[in-house]
Amino acid sequence: MTELRKAFRLLAIAIGISSTVQAQDVTVVDATDGIPIEYVYVSVDNQSFLTTDEKGMVNVSKLGSADALLTFQHTGYRTLSIQKADLKLDEMNTIRLEASNININEVVVSAVKWEHKAESLPVQVEVLDQQLIAFQNPQTSADLIGQSNQVFIQKSQLGGGSPMIRGFATSRVLLVVDGVRMNTAIFRGGNIQNVLNVDPLSIQRTEIIFGPSSVMYGSDALGGVMNFTTLQPQFALTEGETRINANAMLRTATANNERTVHMDFNVATHNFSSYTSISSSFFDDLEIGSYGDEFYTRPTYQVRGDTSDFTANNPNPNQQIYSGYEQFNVMQKLKYRANENVTWELDYHYSRLSDVPRYDRLTQTRNGNLRFGEWYYGPQEWQMARLGYTFTEPVGIFDKLKFTGAWQQFTESRHDRNFNSDIRENRFETVNAYSANFDFQKFFTEKTHLYYGLESVYNQTGSESYAEDITTGARSDIQSRYPNGSTWSSHSAYATWIQDLGNRFTLTTGARYSQIIINADFRESVLPLPFTTSTLNTGALTGNFGIAKEYGSASRVYFNAGTGFRAPNIDDIGKFFELDNGSTVIPNPDLQPEYLYSAEIGIQQRVKESYEIEVVAYYSYLDNAVDRRPTTVNGQDSILVDGELLQVQSVQNVDGAFIYGVSASFGADITDHWNVKASANYTKGEAFDGEPWRHAAPFFSNVSVGYRYERFRAQAYVNYNGEISPENMAPSERDKNIYITDENGNSYAPSWYTVNLKGTFRINEYVEVNAGIENILDVRYRPYSSGITAPGRNFIVAVRAEL
């Protein structure tokens with residue numbers, strides 16, 4: 001490691017690094033161990049923002065006037081403010097931030113698409129930064145979101161992860177990467193794993209915005225928004241300087257024999273920067289805990305012989321055969337500063353998952369035998385090319401402008417074969433997604449801010465399928481999952497007004513209008529349908545109104561009311577899909593958008609600068625809700641599919657549902673070295689017919705105790721999940737084979753808890769070692785709605801190095 005570091009330094013000298021210190025340069029470091037802190041927000045009046053680079057450095061010469069008050073903010077540290085006039089002009093200034101569990105002053109970027117202080121916004125936001133990600137060591141971005149302790153994660157297979165937020169999931173929550181929406185025309189109401197496309201090792205920060213956010217983000221943002229900001233290229237601070245930085249990581253985990261390697265490096269001059277990130281992970285079959293219900297084990301598994309399938313006994317029933325997979329991610333970013341007011345960005349993201357076995361399907365039985373000989377997702381690929389342009393010189397109608405244009409391509413497939421059948425069904429989907437966003441910021445006065453913009457999104461879906469005899473190679477036509485060549489588009493305009501009313505009251509209100517257009521052609525359908533095309537052209541108006549009152553030392557209380565909507569997509573209108581209960585889903589061309597009406601009230605109370613309590617209560621009414629219901633086709637309630645008579649269902653607009661809940665958290669710095677933190681979440685959902693709501697997660701909570709001394713940090717924590725009893729099980733969940741049953745044969749999800757320990761030690765400025773033990777008690781459990789059992793006792797070790 002020392003030799004590599006010397007090589008990088010010699011290379012830097014050879015290409016002309018300058019170490020000249022500029023006036024009012026600042027380095028921000030941890031007050032305990034003196035390690036530089038990256039991505040600290042530096043602002044004046046919470047309006048003009050800069051961030052520190054990978055060395056904790058930032059030049060504040062042009063930030064505010066000479067007598068301005070500079071504020072330094074970062075998740076996990078106490079906010080510090082100093083007068084700019086107190087900075088020395090002839091040497092590097094060092095700012096020391098003290099660690100803290102209290103994050104109430106966190107700067108929020110995505111809630112209004114521009115930087116804004118959190119305490120004046122009437123919304124609940126959870127921020128996960130790079131430091132937390134490194135400490136928690138999540139294997140995937142789904143695991144990262146779950147470690148917020150505010151979002152419930154469901155998994156149908158090891159290569160999966162579907163977030164549930166405030167009673168909503170999948171196509172009713174929005175994924176955003178660097179300002180670009182990931183939700184596509186084929187995001188389904190069932191569980192999805194697209195969040196895995198984002199490499200957790202390339203994430204700078206993740207903001208989870210709770211509740212309907214349709215004013216800022218359009219369709220799908222009913223339960224909330226998960227906004228991922230990936231690591232940004234950093235410029236060299238001074239003219240003539242060239243900077244090279246590199247980081248590497250190796251990680252292993254015992255529960256699935258993980259092997260992950262990651263490297264990133266930044267090459268920069270004063271006006272140009274290139275950032276590259278590469279990660280590769282290998283996961284073997286997952287081993288579950290030793291203590292718990294035998295139902296969760298894998299006593300047998302399917303094996304293909306020369307001409308037929310047979311059932312093999314598993315020598316280790318705790319090993320979930322056919323659950324492993326591989327993942328590869330690469331990200332390349334280029335950033336160019338044309339002048340003080342113009343910046344260009346060009347990004348490329350690529351993610352590939354190998355074949356991913358659908359574990360819950362592989363464990364299904366029929367007539368006492370395994371149902372499937374094969375069931376797997378083919379390689380899931382995601383590409384995104386993004387062009388960004390930022391203009392910060394006021395020109396009358398705006399003070400700042402951001403343009404974001406992007407192309408994304410999503411490729412996925414499904415492959416299944418019944419046990420002892422020679423016929424494998426193969427279905428392939430590709431979505432090309434194009435988007436353009438113009439976002440504007442206008443400050444009329446220090447107290448009056450306007451944010452507005454335009455967005456246009458266009459998706460084109462390709463869908464192909466065939467059945468193949470695996471012994472002869474013969475192929476035949478089968479029904480494709482979606483109408484090939486179908487399109488979905490959305491065009492919208494929004495505006496948000498933030499007004500400081502005085503006495504630390506802030507009003508936030510806004511509106512958005514969206515026009516949604518769908519075209520689908522069913523003339524290639526193998527199954528007989530009473531229609532050949534489907535066209536939808538509909539508009540949606542949403543709005544919000546909120547007020548926040550700050551008091552005391554950064555405490556606040558707020559109220560927010562708003563509406564959200566989700567437009568039908570190609571998956572809702574045009575999907576063909578065979579269910580597990582002897583039914584099949586057929587298209588419905590008559591769907592309309594569903595609307596959410598929601599209100600929340602929250603309070604964040606800080607006591608003596610070291611204790612913080614946050615409580616949020618919310619209530620939502622979903623109208624014209626989209627859900628599956630029985631239907632008929634050509635007057636018949638059943639049709640023949642591949643020789644089997646199946647009951648017909650379709651996605652329809654139904655009456656609606658009520659969802660309400662409470663979340664609470666507590667954090668305290670007990671001493672300079674010890675802290676505690678706790679959180680709890682309760683959600684209840686009920687459809688108009690009185691049935692439980694499917695995506696209302698069980699009660700879940702977390703309690704942790706942390707210790708920090710110089711370069712060592714440790715945390716012991718307990719995760720708890722409550723039971724979902726048979727009477728609280730949603731109708732669509734009751735017949736699934738993933739649940740254990742009570743003495744009456746009724747399905748339920750039992751409660752569980754795990755005890756965990758993690759720690760990190762920074763050997764020096766360049767090397768850090770992370771280690772942890774998850775599920776210390778080796779409990780055997782399965783989270784609600786999941787088709788795969790959770791890991792057993794899991795030892796994790798990671799080594800990070802700055803080269």
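A residue counts as buried when its relative accessible area is under 20%, as exposed when that area is over 50%, and as partly exposed in between, calculated with a 1.4 Å probe on protein chains only. By this definition Thr 170 is buried, because its relative accessibility is 3%. The structure is a predicted model, in which local features need pLDDT of at least 70 and side-chain atom pairs count only at pLDDT 80 or more, while totals for chains, interfaces and linings use all residues. Residues are numbered from 1 along each chain as its sequence is written, and side-chain values use heavy atoms, with hydrogens and water left out.

**Positive phi angles in loops**

- Most residues other than glycine have a negative phi.
- Thr 170, a residue other than glycine, has a positive phi near 50°, and its place is in the loop between β13 (168-169) and β14 (174-177), where strands are DSSP runs of E with at least two residues, helices are runs of H or I with at least four, and both are numbered from the N terminus.
- Tyr 322 is not a glycine either, yet its phi is positive at about 65°; this residue is found in the loop between β24 (319-320) and β25 (325-339).
- Tyr 322 counts as partly exposed because its relative accessibility is 31%.

- Once neighbours within four places in sequence are set aside, Gly 324 is in contact (heavy atoms within 4.5 Å) with Leu 158, Phe 283, Asp 284, Asp 285, Asp 355 and Pro 357.

**Strand β55 and its partners**

- Strand β55 (residues 794-802) pairs with strand β18 (residues 243-253) in the antiparallel sense over 7 bridges, pairing being assigned if DSSP finds at least two bridges between two strands.
- Within this part of the structure, Asn 247 stands opposite Glu 802 in β55.
- Strand β54 (residues 767-774) pairs with β55 as well, in the antiparallel sense and over 8 bridges, and Glu 774 has Asn 794 in β55 as its bridge partner.

**Asn 794**

- Asn 794, which lies in strand β55, counts as buried because its relative accessibility is 4%.
- A polar atom of the Asn 794 side chain lies 3.2 Å from the backbone nitrogen of Thr 254.
- Leaving out residues up to four places away in sequence, Asn 794 touches Ala 253, Thr 254, Ala 255, Gly 772, Ile 773 and Glu 774.

How values were computed
A polar contact is a pair of N or O atoms within 3.5 Å; within protein, one must be able to donate a hydrogen and the other to accept it, and residues adjacent in sequence count only if both atoms are side-chain atoms.
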